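Please consult the sequence and the structure shown below before turning to the grouped points.

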Amino acid sequence: MSEITNILVVGTGGQGVMTATEILAEAAIAFGHDVKKTEVAGMAQRGGVVSSHLRFGPKVLSPQITPGTADVLLGFEAAEGMRWRHMLRPDGLALMNTGRLVPPIVDLGLFDYPEDPVAEVRAAGTRVFSFDASAIAKELGDIRLGNTVMLGAISDHLPFSAEVLEQCILKRFATKKPELIELNRLAFAAGRAAAAQAAQAEAA
């Protein structure tokens with residue numbers, strides 16, 4: 001990675017894309033980085049597409065990631081990950097949730113859902129670690145844990161320690177909902193394990 005780290009987080013409304021980006025930003029700030037982020041939400045509350053740019057480093061002038069320069073693409077939804085693949089640098093990494101959350105434009109017949117988004121991204125020559133974050137969240141008892149699973153997945157692909165990112169997640173629940181601390185700790189660990197397993201499968 002260069003001095004500036006570029007992370008693009010994409011998905012659909014309600015998945016926690018913006019919250020995940022905020023937490024990543026908090027972790028970067030905790031390490032003393034200058035941080036800039038920007039978000040675009042289309043019908044976010046109705047399951048529309050959501051994208052969030054995050055840039056951090058010694059000094060960041062613009063929050064906008066230039067196409068072809070993202071270090072990591074964090075795809076909360078596979079088709080959205082596929083749609084934003086062009087933002088990645090040639091040696092960048094796509095972390096993709098294979099759980100399908102079909103957006104309204106597909107239900108309305110305005111857009112065909114790709115048969116295998118992950119395979120299409122991989123066929124384009126991109127390094128992809130894929131796993132079903134939605135299923136992992138459901139197994140833990142709450143689909144909303146999906147964003148913590150995704151943060152766990154990216155945690156070993158950042159220029160700072162996974163532990164700092166985990167602490168930024170857990171402190172959000174320390175005062176308001178302490179009962180969710182352990183669940184989120186489990187979700188984070190499960191995401192890390194899923195990404196590590198996917199990395200091994202990709203290498204094989």
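This is a predicted model: local features need pLDDT of at least 70, side-chain atom pairs count only at pLDDT 80 or more; totals for chains, interfaces and linings use all residues.

What does the accessible surface of the protein chain come to, and what percentage of it belongs to carbon and sulfur atoms? The accessible surface is about 9,700 Å², and carbon and sulfur atoms account for 54% of it.

**Overall fold**

- The secondary structure of the protein chain consists of eight helices and six strands.
- In sequence order, these elements follow the pattern β-α-β-β-β-α-β-α-α-β-α-α-α-α.
- Along the principal axes, a box of roughly 45 × 40 × 40 Å is filled by the C-alpha atoms.

**Burial, contacts and charge**

- Of the 204 residues in the protein chain, 49% are buried.
- Considering contacts between residues at least 6 apart in sequence, 63% join residues at least 24 apart.
- The protein chain carries 19 positive and 23 negative side chains, and 6 Å separates the centres of the two sets.

**Helix H8**

- Helix H8 covers residues 181-203, a run of 23 residues.
- From its first C-alpha to its last, helix H8 reaches 33 Å, close to the 33 Å expected at 1.5 Å a residue.
- The buried residues of H8 are Ile181, Asn184, Ala187, Phe188, Gly191, Ala194, Ala195 and Ala198.
- An α-helix has 3.6 residues a turn, so residues three or four places apart point the same way.
- The cover over the buried residues of H8 includes strand E5 (88-97) and strand E6 (127-131).
- That cover also includes helix H5 (133-139), helix H6 (146-154) and helix H7 (162-174).

**Thr148, a buried residue of helix H6**

- Thr148 lies in helix H6 and has a relative accessibility of 4%, so Thr148 counts as buried.
- Leaving aside residues up to four places away in sequence, Thr148 touches Ile169, Asn184, Ala187 and Phe188.

**Ala203, an exposed residue of helix H8**

- Ala203 belongs to helix H8 and is exposed, with a relative accessible area of 69%.
- Ala203 and Val9 are 194 residues apart along the chain, and their C-alpha atoms are separated by 24 Å.

Terms used:
Residues are numbered from 1 along each chain as its sequence is written. Side-chain values use heavy atoms; hydrogens and water are left out. Helices (H or I, at least four residues) and strands (E, at least two) are DSSP runs, numbered from the N terminus. Buried means under 20% relative accessible area, exposed over 50%, partly exposed in between (1.4 Å probe, protein chains only). Contact means heavy atoms within 4.5 Å. Accessible areas come from the Shrake-Rupley method with a 1.4 Å probe; for residues, only the protein chains shown count as cover. Lys and Arg count as positive and Asp and Glu as negative; His and the chain ends are not counted. The place of a charge is taken as NZ of Lys, CZ of Arg, CG of Asp or CD of Glu. The expected span of a helix is 1.5 Å times one less than its number of residues.
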